[in-house]
Amino acid sequence: MPSLDWSSKSSHIPIQSSLELDSVIYPNGQGYDTAHRTGFPPDQLILGDNLAVMSALLQEYEGRIDLIYADPPFFTNRRYKARIGRGEDSRKPEQWKLAEGYPDHWSDIEAYLDMLYPRLNLMYRLLSPSGTLYLHLDWHANSYARLLMDEIFGADRLLNEIIWVYHGPSPIRSAFNRKHDSILSYTKSKEYTFNVDDVRQPYDPKTIKTFASSSKAGFGKVPNLERGKVPEDWWYFPVVARLHNERTGYPTQKPEALMERIILASSNEGDIVADFFCGSGTTPAVAAKLGRTYIATDASWRAVHTTRARLIRYNSPPFRMLHEGRTPYPLTHFPTNARPYPFQLSKESIKLSNQAIDSLDYWEVDPAWNEKIFLSSAQALLPLKKGSIPLELDLPVRSDQKTICARSVNLQGEQTQFLLASD
Ligand SMILES: C[S@@+](CC[C@H](N)C(=O)[O-])C[C@H]1O[C@@H](n2cnc3c(N)ncnc32)[C@H](O)[C@@H]1O
């Protein structure tokens, strides 16, 4: 079988790496009371280069992940910006505050494939025997990726080439507007999960009308009109720029409806779903909503912070936050006895002064700080659309023997930790 070769091609993996636990988030306090009995939750959000992260996960997860969705950089040779603050009006770019998003910049296609190939190999190893990998790309690199996937999985394991179509403005005047992405799905074996009844769609009213007038319309077959049809391999979903309730400001965010179809079709409740290029966290957010366990990773702190906020907003089950050894967890320790904002402490809550309101994107509190792992019992987020960040958080345990620790993230994404004592 023909294969794709280039001079630096190498699948020298896994590499030496390790993961360190930084914190456990109990979104809106859920699960915090019973935490000491239940141990650490299985859901995880990991900061780090996914080559190292996946290498570290092999020991525990080789052959265990049921579904992997991969949405890597597309080889566009762009540097994407993130909008900070909140999802400002798309029609008024002059008002956006921008920060670094993520780079999709490569010296050449070989450099790009040097990134992609070993990572696809690791994903293959992590997949369970009934697992599926969805690889989301577009015209820039999908033909190369298809050959790599054929090599790693076997050409006969291609399940679908899904075309996601969308529309929107484009500056192109010398070609047709490029308004589709390609999602290649490959299964690890012939015994794979595919829940067809969970993704059926209603028939088009015109089809229903045709069948009502002539039962022969379907070449002799009468479809079960009530049950709905199996979706085609081309999908229309609007892009996130048009979905005001989903927009996080993180670049190239994918729609939740797209992820929902993938997760419903190719995993079951309780299965492990992973996304090692998680960006704004669409996959873990939808996986949590659908009762799947998730592992999400990104090399960018802004992505991990955006994902954390999104998981809290969606009331995900408790989750762990880790980082891979090479990528330090970004945290500045405020000097003991000093605090970035004045605050008031009572038995039940902690309240920051109004001075904090203009700069804060996020803050959280650990009411019984053990000086090792931050157990976040309450969190406050800048609302996505209107309103200001809450300045008061409840304290579920308040004993004078315990140290209260708080962490805040400002609009620039800088994370700070400070200790609070009763003044
Ligand atoms: C196309 S975006 C993913 C968007 C995501 N699907 C969403 O809905 O928001 C690609 C992401 O991959 C991350 N990334 C790129 N190279 C990476 C690497 N080697 N390890 C981990 N993450 C990486 C980038 O930081 C970026 O957030």
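**Exercise 1. At what angle do helix α2 (residues 50–61) and helix α3 (residues 109–126) pack, and how far apart are their axes?**

The model is predicted: local features need pLDDT of at least 70, side-chain atom pairs count only at pLDDT 80 or more, and totals for chains, interfaces and linings use all residues. Residues are numbered from 1 along each chain as its sequence is written.

Step 1. Helices (H or I, at least four residues) and strands (E, at least two) are DSSP runs, numbered from the N terminus. Axes are lines fitted to C-alpha atoms, for helices over the stretch in contact, and angles run from 0 to 180 degrees between N-to-C directions.

Step 2. The angle between α2 and α3 is about 20°, and their axes lie 10 Å apart. Therefore α2 is roughly parallel to α3 (angles under 35 degrees count as roughly parallel, over 145 as roughly antiparallel, 65 to 115 as roughly perpendicular and the rest as oblique).

Step 3. This crossing of α2 and α3 is left-handed, a term used if the near helix is turned anticlockwise from the far one by less than a right angle, and right-handed if clockwise.

Step 4. Two residues are in contact if their C-beta atoms, placed from the backbone, lie within 7 Å. From α2, the residues N50, L51, M54, S55, L57, L58 and Y61 meet P118, R119, L122, R125 and L126 of α3. By class, this contact has eight nonpolar, two polar and two charged residues (Ala, Val, Leu, Ile, Met, Phe, Trp, Tyr, Cys and Pro count as nonpolar, Asp, Glu, Lys and Arg as charged, and the others, Gly among them, as polar).

**Exercise 2. Describe how helix α7 (residues 282–289) packs with α8.**

Step 1. The two axes come within 9 Å and cross at roughly 20°; α7 and α8 are therefore roughly parallel to each other.

Step 2. The crossing of α7 and α8 is right-handed. P284, A285 and A288 of α7 make the contact with T307, R310 and L311 of α8.

**Exercise 3. How many residues of domain 1 are in contact with domain 2?**

Step 1. Domain 1 covers 39–198 + 237–324, and domain 2 covers 332–420; such bounds come from an automatic or database domain assignment.

Step 2. In the contact, 11 residues of domain 1 face 10 residues of domain 2. Helix α8 (residues 301–313) gives the most to the side of domain 1 that touches domain 2, with six residues.
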